[in-house]
Amino acid sequence: MTGVPASAAGGPSGARRAGAGAASAASGKVPGAAAGRAAARSAEGGATGAGPGALAGAGHGGAASGETGTGVDEAPESVDDAQGDDAQGEDGPGRGGKLAAAAVNQASVWNIANLLTMLRLVLVPAFVALMLADGGYDPAWRSLAWAAFAIAMITDLFDGHLARAYNLVTDFGKIADPIADKAIMGAALICLSALGDLPWWVTGVILGRELGITLLRFLVIRYGVIPASRGGKLKTLTQGVAVGMYVLALTGWLATLRWWVMAAAVVLTVVTGLDYVKQAIVLRRRGIAERKAALEEKEA
């Protein structure tokens, strides 16, 4: 018995432990690196003859776990996940994933929602040119100006919906979209007032409200965002219909109807503007109170 090597003393039990390590590695139940270490320990305490086979099995199991993603190391669920895994292996954690995400964000500027916003911006000077063509009173040119205005208002309804529905929101869109909205409406109101079709005080009320609420949103953005209300959406729709009717050279009862539609638009403009001011005051007070409470809790 003294001549028997110590590695053989474990006999069958050592071989069984080594074989179990190899089986676990091959089945993918143990990650590759852990399986290799388990098999190595089994080989050190087990049979010498089973050691190479166990190590070979553990090595294969580790390769399988690392390459196919079976067992604990699940396969990436998407192409983006796969790119992130590759990046961690080559350039450190998440570096390639961040670069890929940045590339996607840069490319997403040229999406359908932003293209519609750009179209509205281009339509503004086109609308002004058509509106003022031939003195500004030719029904044919006014009809073409109405078509440009209508396209701009319709695309305003679609670009925001597309951006939210298909995750196409970009920094460019956040800035350019409200600018395009205010530009086309402002251009139409100023042209109508310059031609004598619309009183200047109406243009002043509508544009003053739009610019004032936009400024107010920026002033209270540190405390939160003022959400768009149903009244605000109805105001926008009424304004668009009223201005569109004024752009057309209407006569008779349609000319009278457009006056009432514009009156409704002015009322909604004032009422919703006051409502936004109220929301801004409440939001600011709530934000100040929350910050004060947080500071008191921190000091306590």
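Mentor: A helix is a DSSP run of H or I with at least four residues, a strand is a run of E with at least two, and both are numbered from the N terminus. The expected span of a helix is 1.5 Å times one less than its number of residues. This is a predicted model: local features need pLDDT of at least 70, side-chain atom pairs count only at pLDDT 80 or more, and totals for chains, interfaces and linings use all residues. Residues are numbered from 1 along each chain as its sequence is written, and side-chain values use heavy atoms, with hydrogens and water left out.

Trainee: How many helices and strands are there in the protein?

Mentor: The protein has 12 helices and 0 strands.

Trainee: What about helix α9: what should it span, and how far apart are its end C-alpha atoms?

Mentor: Helix α9 has 24 residues, 171-194, and should span 34 Å. Its end C-alpha atoms are 35 Å apart, which agrees. Just after α9, G196 takes a positive phi of about 85°.

Trainee: Why is T155 called buried?

Mentor: Buried means under 20% relative accessible area, exposed means over 50%, and partly exposed is in between, using a 1.4 Å probe and protein chains only. T155 has 9%, so T155 is buried. T155 sits in helix α8, residues 139-165.

Trainee: Which residues does T155 touch?

Mentor: Contact means heavy atoms within 4.5 Å. Leaving aside residues up to four places away in sequence, T155 touches L116, L119 and R120.

Trainee: Which helices do the buried residues of α12 pack against?

Mentor: They pack against α10 (200-219) and α11. Among the buried residues of α12 are V261, M262, Y276 and L283.

Trainee: Why is L237 called exposed?

Mentor: L237 has 53% relative accessibility, so L237 counts as exposed. L237 belongs to helix α11, residues 230-247. L237 and L157 are 80 residues apart in sequence, yet 9.8 Å apart in space, C-alpha to C-alpha.

Trainee: And what makes W110 exposed?

Mentor: W110 has a relative accessible area of 62%, so W110 is exposed. W110 lies in the loop between α6 (95-107) and α7 (112-132).

Trainee: How do you know that a pair of rings counts as an aromatic pair?

Mentor: Rings of Phe, Tyr and Trp (its six-membered ring) pair if their centres lie within 6.5 Å. Planes under 30 degrees apart count as stacked, over 60 as edge-to-face, and the rest as tilted. By this rule there are 2 aromatic pairs.

Trainee: What makes the pair of F127 and F149 tilted?

Mentor: F127 and F149 are 6.0 Å centre to centre, with 45° between the planes, and the pair is tilted. The pair links distant parts of the chain: F127 is in helix α7, F149 is in helix α8, and they are 22 residues apart. F127 counts as buried at 0% relative accessibility, and F149 counts as buried at 1%.

Trainee: Why is the pair of W259 and W260 called edge-to-face?

Mentor: Their ring centres are 4.9 Å apart and the planes are at 85°, so the pair is edge-to-face. W259 counts as partly exposed at 48% relative accessibility. W260 is exposed, with 55%.
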